[in-house]
Protein chains: 2
Amino acid sequence: MEPRITIVTLGVNNIHQSYDFYSKIVGFPSDKGIEGDIVFFNLQHMLLALFSKDKLAEDARVSNDGTGFSGITLAHNVKTREEVDAIIDKLRKAGVTITKEPQDTEWGGYDAYFQDPDGYLWEIAWNPYSWIE
Amino acid sequence: MEPRITIVTLGVNNIHQSYDFYSKIVGFPSDKGIEGDIVFFNLQHMLLALFSKDKLAEDARVSNDGTGFSGITLAHNVKTREEVDAIIDKLRKAGVTITKEPQDTEWGGYDAYFQDPDGYLWEIAWNPYSWIE
């Protein structure tokens, strides 16, 4: 893995309330606003995303309870599907827990999730529609 | 606030275990390794920090329980002490909960913390020793 966080995602309980907070109070820019149940803010070299906490936990294959899921994931995007597989294979061989095996996503990409020692979740993702470092 | 996350901090239970994970398994670079009870990884345009979860909660003035604290904070660094005050004043007037009032820090800087609607913690910090966008 290259040293990079591509997206910080906050699992939120009310996306409209949180969108208002980050757009109107904090003042972060969003090109498209809420798109369905997600919103992205452009933080120059990275993105901040807001997404349903329930769905974020579901996407990472963990339960949405207070102790098991912090509500935040860190995304690390790569340039090919093969890189997703290679990174996950290497982590698995090192004994790391893979919560979501590499697989095609509903949005046309390919991703997987692993957990760090405290249960923090990292998504390794290939997104054919955009490349953001 | 400019659109920027400067540091993602993970509150960890065992910094040695987590440092080994991020340095040896994930492969993130750290200039100085563990310094006392904290370590910084250089992620190009931002930093990833590991810090005692107990101390991170204490620093942000929240309790370290499963439901009240996710274990992650997002840092937004500014160029002057006055900017810390100005941002916090504006947020307070907007009804935002300030968990830590602007104050001098033990490390020679000046910081404050606020909570977003889900309790996620943002540190607004002025650090006289470094300026990282």
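1. Is Asp59(B) buried or exposed? Asp59(B) is buried, because 21 other C-beta atoms lie within 10 Å. Here a residue counts as buried if 20 or more other C-beta atoms lie within 10 Å of its own, as exposed if 12 or fewer do, and as partly exposed in between, with C-beta atoms placed from the backbone. Asp59(B) belongs to helix 2 (residues 53-59) of chain B. Asp59(B) and Arg81(B) are separated by 22 residues in sequence and by 18 Å in space, C-alpha to C-alpha.

2. Basis of the note. This is a predicted model, in which local features need pLDDT of at least 70 and side-chain atom pairs count only at pLDDT 80 or more, while totals for chains, interfaces and linings use all residues. Residues are numbered from 1 along each chain as its sequence is written, and chains are lettered from A and ligands numbered from 1 in the order in which they are written.

3. Overall architecture of chain A. Three helices and seven strands make up the secondary structure of chain A; helices (H or I, at least four residues) and strands (E, at least two) are DSSP runs, numbered from the N terminus. Along the sequence their order is β-α-β-β-α-β-α-β-β-β. The radius of gyration of chain A is 15 Å, close to the 14 Å that the globule rule gives for 133 residues, so chain A is as compact as a globular protein of that length. That radius is taken over C-alpha atoms, and the globule rule is 2.2 Å times the number of residues to the power 0.38. Along the principal axes, the C-alpha atoms of chain A fill a box of roughly 45 × 35 × 25 Å.

4. Burial and contacts in chain A. Of the 133 residues in chain A, 43% are buried. Among contacts in chain A with a separation of 6 or more, 51% join residues 24 or more positions apart; two residues are in contact if their C-beta atoms, placed from the backbone, lie within 7 Å.

5. Helix 1 of chain A. In this helix (residues 15-26), Ser18(A), Tyr19(A), Phe21(A), Tyr22(A) and Val26(A) are buried. They cover an arc of only 155° around the axis, which puts them on the same side of helix 1 of chain A; the arc is that of the directions from the helix axis to the C-beta atoms. His16(A) and Lys24(A), on the other side, are exposed. The buried residues pack against strand 1 (7-12), strand 2 (38-43) and strand 3 (46-52) of chain A. Just after the helix, Gly27(A) has a positive phi of about 90°.

6. Helix 3 of chain B. The 13 residues of this helix (residues 81-93) should span 18 Å at 1.5 Å a residue, and the end C-alpha atoms are 19 Å apart, which agrees; the expected span is 1.5 Å times one less than the number of residues. Its buried residues are Val84(B), Ile87(B), Ile88(B) and Leu91(B). Gly95(B), which follows helix 3 of chain B, has a positive phi near 90°.

7. The interface. Chain A and chain B each bring 36 residues to the contact. On the side of chain A that touches chain B, strand 1, helix 1, strand 2, strand 3 and strand 4 (72-78) of chain A each supply at least two residues. Helix 1 of chain A gives the most, with five residues. By class, this side of chain A has 22 nonpolar, eleven polar and three charged residues. Ala, Val, Leu, Ile, Met, Phe, Trp, Tyr, Cys and Pro count as nonpolar, Asp, Glu, Lys and Arg as charged, and the others, Gly among them, as polar.

8. The same surface serves both copies, as 100% of the contact residues of chain A recur in chain B.

9. Backbone point to check. Most residues other than glycine have a negative phi. Gln44(A), however, has a positive phi near 60° and is found in the loop between strand 2 and strand 3 of chain A. Gln44(B) likewise has a positive phi, of about 65°. Gln44(A) is partly exposed, with 13 other C-beta atoms within 10 Å.
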